[in-house]
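These are my notebook entries on a structure that I looked up. I recorded the domains and then the ligand sites.

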Amino acid sequence: MNTLAIVGSQWGDEGKGKVIDYLATRADMVVRGQGGNNAGHTVVIDGKKYALHLIPSGVLQKECINIIGNGVVVDVEGFFDEIDGLNADGVDTSNIFVSDRAHIVFSYHKILDGLYEEARGDSDIGTTRKGIGPAYMDKVERSGIRVCDMEDIEYFKKVLSAQIDNKNKIITKLFEAEPIDKESTIDKYIALAKRLQPYIRDTSVLVDDAVKSGKKVLFEGAQAAMLDLDLGTYPYVTSSHPTSGGFIVGAGVGAGAIKDILGIAKAYTTRVGKGPFVTELDNEVGGHIRDRGHEYGTTTGRPRRCGWFDAVVVKYASRINGTTGLSLMLVDVLDDFDEIKICYAYDCGGQITEHFPARIDLLEKAKPLYRTVKGWRQDISACATYDELPEACKEYIAVIEELVGVPVKIVSVGPGREQTIVRGEIF
Ligand code: GDP
Ligand code: IMO
Ligand code: MG
């Protein structure tokens, strides 16, 4: 079996897009299994930057098949905005297929995302407002509309019309906001349904065929372990399962379909949106990391919160994902520090723990315990092999491997494809 899952091991934006694009040069298929266009995956090829949201990062490889699996929530309007943008850049998008079982994100989901956030006041989650939570709410409540419902236009019109009536009741009666216009919304989505039809497939069959015939299949995670609905920093999470198990349901494959799991982690930590972040540096050092790493959201443009590498987080993420290797990203961002810190445990009111706690109140008060290592104070962005890295940088990587308990198989020293150091065979 030639299958590999790529999963975020912190709070997202670890550089998954870069790694997937890099490995997709040898992949036959790339599969998304959860999330929606809340994701923002950046790929840089020959200095040109592509920001992908819903479209799998294998799209920039000519021969690669790209699958949007049943576990994804599909904003059809956003899907075509992305397709049009890619086509305008000369990218071929004929190899993309969308699961007939995936649920659809409609404009009312985006409106409700904003209204729920505003109603939460100071306790808001800081969502991307892409309608992700409300779309998954409909799915779980069993009132969602699926991609296959777009195949029969008369049926689609009927279910969408009923849903708009329901949502308008919530929008006007609960929130006292403006209703959405039914006729124009239906017309817009009928046109989108007709445009989507050639992309619709039973993608579980396509993925299963590819896996069983020994094709190289990459499973592309969006978001990250700490944003997982069950296992992340609830309620400051997304509404899907961005952990390796999420692919099983979200791509419609058996539990044995994934051979290896590559956890993607930054050489430091970032988080966008609200929620606990034990190693956060709300100071000059954090600002320096933000500037050097250009840490602003790909989807929302929000400044990302920055802090030191948290081995408690990445060790936890590696456990729940079954990570077999790590890809350590943006190591070059730490090039000009005299000293670098790595958190190895939390002090939760006198209780020392190396295991990530569930309670948000404990996490908010937890103090990070740090190991300090020497910085390398050298530009590593042109290093092409592991041996070329400065000794202090190798030592930093070794400490991370020791604390997390997983080997670092990729070291990324810049956003470009060529700035990728691979240790041994990966995929
Ligand atoms: P994703 O959501 O996990 O795909 O990550 P994002 O694309 O949201 O954010 C990662 C950012 O880091 C992007 O701007 C990448 O181009 C950039 N990036 C990825 N790897 C590296 C690296 O090794 N060094 C530097 N300096 N930038 C990188
Ligand atoms: P990628 O794939 C970072 C965060 C939001 C918010 C929380 C819930 O680029 O790593 P949502 O809109 O999903 O309901 O928001 O999750 N979030 C992300 N943070 N990277 C992402 O995706 C994210 N997708 C959602 O900021 O805190
Ligand atoms: Mg991102």
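**Entry 1: domains.** I took the domain bounds as given by an automatic or database domain assignment. On that basis I noted that the protein chain is divided into domain 1 (3-99 + 200-260), domain 2 (103-196) and domain 3 (264-422). I found the C-alpha centres of domain 1 and domain 2 to lie 23 Å apart. With contact taken as heavy atoms within 4.5 Å, I listed 25 residues from domain 1 and 21 residues from domain 2 in their contact.

**Entry 2: basis of the values.** I noted that this is a predicted model, in which local features need pLDDT of at least 70, side-chain atom pairs count only at pLDDT 80 or more, and totals for chains, interfaces and linings use all residues. Residues are numbered from 1 along each chain as its sequence is written, chains are lettered from A and ligands numbered from 1 in the order in which they are written, and side-chain values use heavy atoms, with hydrogens and water left out.

**Entry 3: ligand 2.** I counted as near any residue with a heavy atom within 4 Å of the molecule. By this rule 20 residues surround ligand 2, and the closest are Lys16, His41, Thr128, Gln223 and Thr238. I sorted this shell into seven nonpolar, ten polar and three charged residues, where Ala, Val, Leu, Ile, Met, Phe, Trp, Tyr, Cys and Pro count as nonpolar, Asp, Glu, Lys and Arg as charged, and the others, Gly among them, as polar.

I then looked up polar contacts (pairs of N or O atoms within 3.5 Å). An oxygen atom of ligand 2 lies 2.6 Å from an N or O atom in the side chain of Thr238. Polar backbone atoms also take part: one of Asp13 is 2.8 Å from an oxygen atom of ligand 2, and one of Val272 is 3.1 Å from an oxygen atom of ligand 2. On its own, ligand 2 has 550 Å² of accessible area, and the protein covers 98% of this; I note that such areas come from the Shrake-Rupley method with a 1.4 Å probe.

**Entry 4: ligand 1.** Which residues come nearest to ligand 1? Of the 19 residues around ligand 1, I recorded Lys16, Gly40, Thr42, Asp332 and Ser412. The side chain of Thr42 has an N or O atom 2.5 Å from an oxygen atom of ligand 1. For Asp332, an N or O atom of the side chain is 2.7 Å from a nitrogen atom of ligand 1. Gly40 contributes a polar backbone atom, 2.8 Å from an oxygen atom of ligand 1. Ligand 1 taken alone exposes 580 Å², of which the protein buries 93%.

Definitions and conventions
A polar contact is a pair of N or O atoms within 3.5 Å; within protein, one must be able to donate a hydrogen and the other to accept it, and residues adjacent in sequence count only if both atoms are side-chain atoms.
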